[in-house]
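Please have the structure open while reading.

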Amino acid sequence: MLKHRYIQVVSIVSCLIVVIGMLFYDWTIYWFVLIGLIALGLTTWGVFDIRLGYFGKTFFKAKDIGENNISLTFDDGPCPYTLQVLDLLDQYKMKATFFCIGKQLTQYPEIAKRIIAEGHSIGNHSYTHKKDIAFSSPKEMEGEIQQTDDMIEKITGQNNSMYRPPFGVTNPNVVKACKAKSKDIIGWNIRSLDTVINNEDRILKRIVPRLKAGDIVLLHDTSQRTVNVLEQLLIKMKELNLQSIPVDRLLKIERNG
Ligand SMILES: [Zn+2]
């Protein structure tokens, strides 16, 4: 089991065994270094791979759903590109989830209203999305979550339990803040890398061959590149008979109000 607590216990027990080994069997001190490096490596993996749920429960795909549903999720908006994304989703009759940044919501409240009016859902993606947000204290993170929740509620009149940590980074503080704010941590199992890869075909090839029911796809409604990729992706999804629905419905964690 690859969980933070479990790795901590295994590391401590391993260190005690090494102490005994050093006292009675002439073991070298390098065993400590090895244990430390393995624990550090596993913890680093846990921080950056949201699918592991290393520090606490995370949702990253739906299991045994029995229908051809997936969820397209768009992070870091709303912004003017969101309008093109909404047009395409409407054209192909697909519903998605938008993980919005609070600061963006203050700039584009009308786009957020349109997202909800057209049957999509909005999740919380922090207020600032600052680069070092993972180093914030639980209280600071709680503040970011609350500020964005307040914005979502003020603009749309509704709210839910969905929080997606910026950069998909989880750690004990993120988990603590989410617990305090009754948030579910929502990840993904298909990362498009649409903010990193320039070639639209390459982005599409990262997504389409792996697509199956229950998947959660991470995209960003922040560039023309993603809009172009989305158009091709929606055509492929129709061919594959896959339907996108909001991720709270896919995961059955809908909770409005
Ligand atoms: Zn983001």
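Predicted model: local features only at pLDDT ≥ 70, side-chain atom pairs only at ≥ 80, totals over all residues.

**Zinc site**
- Three protein residues supply donors to the zinc ion: Asp 76 through OD, His 125 through NE2 and His 129 through NE2, lying 2.1 Å from the ion.
- Along the sequence, these donor residues follow the spacing D-x48-H-x3-H.
- Asp 76 and His 125 link distant parts of the chain, being 49 residues apart.
- Asp 76 sits in the loop between strand S2 (69-75) and helix H3 (80-91), while His 125 sits in the loop between strand S4 (121-124) and helix H6 (138-156).

**Helix H3**
- Helix H3 consists of 12 residues and spans 18 Å from its first C-alpha to its last, close to the 16 Å expected at 1.5 Å a residue.
- The buried residues in H3 include Thr 82, Val 85, Leu 86, Leu 88 and Leu 89.
- These residues lie on the same side of H3 because they cover an arc of only 165° around the axis.
- In an α-helix there are 3.6 residues a turn, so residues three or four places apart point the same way.
- The packing partners of the buried H3 residues are S2, strand S3 (96-100), helix H5 (109-117) and helix H9 (224-239).

Note on methods: Residues numbered from 1 in each chain as written. Heavy atoms only, no water. Donors = N, O, S within 2.8 Å, 3.2 Å for Na, K, Ca; no water. Helix = DSSP H or I, 4+ residues; strand = E, 2+ residues; numbered from the N terminus. Expected span 1.5 Å × (residues − 1). Buried < 20%, exposed > 50% of the residue type's maximum accessible area, 1.4 Å probe, protein only. Arc of directions from axis to C-beta. Contact = heavy atoms within 4.5 Å.
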